[in-house]
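Here is a short report on one protein. Look at the sequence and the fold, then read on.

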Amino acid sequence: DIERLVCGINQLNAVSLREKQDVELLQKYTNKEISWVLDPTLLLDRKEWEKLSVCVPIEGPYLFCYLLGNDSTQRRIILKTARMMHMKIVSIPFADGKYNFVDLKFGDIKIGDAGPLEFLSLIKNAHIVITDSFHATVFSSIFDRDFYVLERAEEPTMNTRILSLLEILEVSERFVKTNELADKIINGIQTAPSSGRKLSQMRSLSMAYLKKGLSQEIACI
């Protein structure tokens, strides 16, 4: 319960969270200063991640679709949009590790055996990325892809994490409703999907926090 949680927090030397909303929520219950920091994946820059990427050869431009949710409407609209743009869909089926009927016929090229390093390549070389995943959003930004994030209706808490990330990246408009997706992709979003000034600032603050923590042997959650 909240009392046990706060009791444990108050025994720590320092506390950090990666969701801004959770920082604001938890701060109400303790005098302990809670820091908003980046997800660890964002502490490395593009060059570092490119060293790890393992190439997945795919001919021609493609739309990489990485969906953890099972919304059939989203997939139908993505398929229609890809056909309008004469672009193939590359997907990782059953990305959440569960059998998902809507993934059976979705995607022109299905990469069922992609690991983390192939995942990096599929994002890095995509023309467009469509996802509902936090980490796919992270790497789409790191590799400066044109990306669009869809809502996870069945897991709304995941939306909070992603919205907090998009705020850091200063591209909140890339969180789009399903019925807006085709128009957004075809007509484009005017703001560039770059990591932005705020990300650079947050990376510096997060690294400073970690260095301070390591020097003081703090415990973080």
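## Overall size

This is a predicted model. The protein has 221 residues, for which a compact globule would have a radius of gyration near 17 Å; the value here is 19 Å, so the two agree. Along the principal axes, the C-alpha trace spans about 55 × 35 × 35 Å.

## Burial and contacts

Of the 221 residues, 44% are buried. Take contacts with a separation of 6 or more: 63% of them join residues 24 or more positions apart.

## Surface and charge

The protein exposes about 12,000 Å² of accessible surface. Carbon and sulfur atoms hold 53% of that area.

There are 28 positive and 29 negative charges. Their mean positions lie 2 Å apart.

## Secondary structure and sheet

The count is 9 helices and 8 strands. An open sheet takes in 6 strands, with parallel pairing. Their order is S5-S4-S3-S6-S7-S8. Strand S5 (109-110) sits at one edge and strand S8 (175-176) is the other edge strand. Each of these edge strands pairs on one side only.

Which strand does strand S6 pair with over 4 bridges? The partner is strand S7, residues 146-150, while strand S6 covers residues 128-131. The sense is parallel. In this region, Val129 stands opposite Phe147 in S7.

Definitions and conventions
Residues are numbered from 1 along each chain as its sequence is written. This is a predicted model: local features need pLDDT of at least 70, side-chain atom pairs count only at pLDDT 80 or more; totals for chains, interfaces and linings use all residues. Side-chain values use heavy atoms; hydrogens and water are left out. Helices (H or I, at least four residues) and strands (E, at least two) are DSSP runs, numbered from the N terminus. The radius of gyration is taken over C-alpha atoms; the globule rule is 2.2 Å times the number of residues to the power 0.38. Buried means under 20% relative accessible area, exposed over 50%, partly exposed in between (1.4 Å probe, protein chains only). Contact means heavy atoms within 4.5 Å. Accessible areas come from the Shrake-Rupley method with a 1.4 Å probe; for residues, only the protein chains shown count as cover. Lys and Arg count as positive and Asp and Glu as negative; His and the chain ends are not counted. The place of a charge is taken as NZ of Lys, CZ of Arg, CG of Asp or CD of Glu. Two strands pair if DSSP finds at least two bridges between them.
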